[in-house]
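Hi everyone, thanks for coming.

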Amino acid sequence: MTNQPYGSYGGGQEPYQQPQAWPGQQQGYDDPYADQQYTQQWQGQTWETQMQPPVAASAVVEETSYLPPQQAPVPEGVSGEPEYGPATLAGNSRVTDAQRARAEGRSPVIEPGMQPAVLTALLGALLAGGAALGTYALLVPLVVLQGLTAAGWFRLNGMWPARQGIALGFVGALVADVALLVSDRSPGAILGTLGVWVLLSLVLQLRSHADPDERMYGLMATVAAAALAITAGGYLAADADAVTVGAVAVAVAMVARALPLPTAASVLVALVAAAGAGFAVGGMEASGAGLGAGAAVCALIGHRVASYDYPSRFVHFTAGVALPLAAAGPAVYVLTRIAT
């Protein structure tokens with residue numbers, strides 16, 4: 001009988017037999033790896049192999065290679081609002097609801113909510129009170145606003161940590177503030193600082209060794225962060241009364257926007273409330289109502305931007321707090337000049 005290296009049990013076949021040794025070979029020597037060299041193959045068909053069609057391994061690999069990683073369901077809090085996890089300097093490690101929405105083709109907009117709106121109102125009240133007390137009293141909450149703006153913009157764009165870009169934007173805002181104080185609050189100080197900082201950001205990005213696309217993305221984020229932080233100094237260039245009206249109007253508008261109403265209704269309520277607050281604080285004049293409504297429009301745009309793309313608790317408590325006030329800063333100065 002011919003020996004087969006891969007035997008099988010089944011039918012009338014006999015089990016595999018040990019081959020005869022060569023002449024002169026020791027018969028008592030047992031190979032310890034002999035059992036591992038030969039395997040048995042079961043040739044019979046079972047119920048599963050009859051019912052299930054064969055699937056090629058390459059097809060399974062090709063099919064599963066395009067599947068996105070599955071994420072565990074995110075639990076909701078007792079109040080029904082989504083939980084984002086604690087804010088850390090390294091950012092949130094899990095996939096956010098906005099990122100999942102983008103992957104599924106849905107809108108990744110998540111609004112900050114009432115708590116950031118209250119903080120925005122508090123910072124707006126500090127700006128209004130500082131403007132009433134004097135220039136240097138206004139400078140303290142303004143610096144806080146500029147720092148939150150620079151940090152929040154980079155986290156909003158998914159770039160964290162970005163210490164160099166944040167520091168560059170914040171230092172640019174401080175330079176603009178000093179230039180405003182030295183030049184007797186001339187708006188030219190803001191434009192001059194902004195031009196220098198755009199050129200400085202370009203030079204720093206040209207020295208980077210990253211990919212061209214990444215360098216372009218970093219350049220745009222750095223320029224935008226510096227521009228927002230620097231132009232927030234419009235509060236320092238505007239008249240004290242205009243700063244008070246604009247800051248109070250933004251504070252009222254953000255609280256009204258966070259009310260549990262449909263989006264269109266909350267926007268309308270926020271604009272009406274801001275115009276009313278501007279009318280009341282601005283000496284019962286139509287110019288105060290117009291200034292309040294204009295500042296509220298810019299604040300609502302900043303609020304919408306802070307709700308987009310990569311919102312998290314860290315984004316909501318930085319960009320969500322600062323962007324409405326930062327966006328309204330230059331509008332307060334421009335609308336004041338137009339009205340006068």
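Let's begin with charge pairs: the structure holds one salt bridge, meaning a side-chain nitrogen of Lys or Arg within 4 Å of a carboxyl oxygen of Asp or Glu. Before I go on, please keep in mind that this is a predicted model, where local features need pLDDT of at least 70, side-chain atom pairs count only at pLDDT 80 or more, and totals for chains, interfaces and linings use all residues. Residues are numbered from 1 along each chain as its sequence is written, and side-chain values use heavy atoms, with hydrogens and water left out.

Which residues make the salt bridge? Glu111 pairs with Arg257, and their closest N and O atoms are 2.6 Å apart. Glu111 sits in the loop between helix 4 (97-103) and helix 5 (114-133), while Arg257 belongs to helix 11 (residues 240-257), so the pair ties together parts that are 146 residues apart in sequence. Helices here are DSSP runs of H or I with at least four residues, strands are runs of E with at least two, and both are numbered from the N terminus.

Are the two partners buried or exposed? Glu111 is partly exposed, at 33% relative accessible area, whereas Arg257 is buried at 7%. Buried means under 20%, exposed over 50%, and partly exposed in between, with a 1.4 Å probe and protein chains only.

Stepping back to the chain, we find 15 helices and zero strands. Of its 340 residues, 35% are buried.

Now look at helix 6 (residues 135-156) and helix 7 (residues 163-182), whose axes come within 9 Å and cross at roughly 155 degrees. That makes helix 6 roughly antiparallel to helix 7, the term for angles over 145 degrees. The axes are lines fitted to C-alpha atoms over the stretch in contact, with angles running from 0 to 180 degrees between N-to-C directions. Among the residues that meet are Leu139, Leu142 and Phe154 in helix 6, and Ile166, Phe170 and Leu181 in helix 7. Contact, by the way, means heavy atoms within 4.5 Å.

My last stop is Ala328, in helix 15 (residues 319-339). Ala328 is buried, with 0% relative accessibility. What does Ala328 touch, leaving aside its neighbours within four places in sequence? Its contacts are Tyr235, Val250, Ala295 and Cys298. Ala295 lies 33 residues away from Ala328 in sequence, yet the two are 5.0 Å apart in space, C-alpha to C-alpha.

Notes. Parallel < 35°, antiparallel > 145°, perpendicular 65-115°, else oblique.
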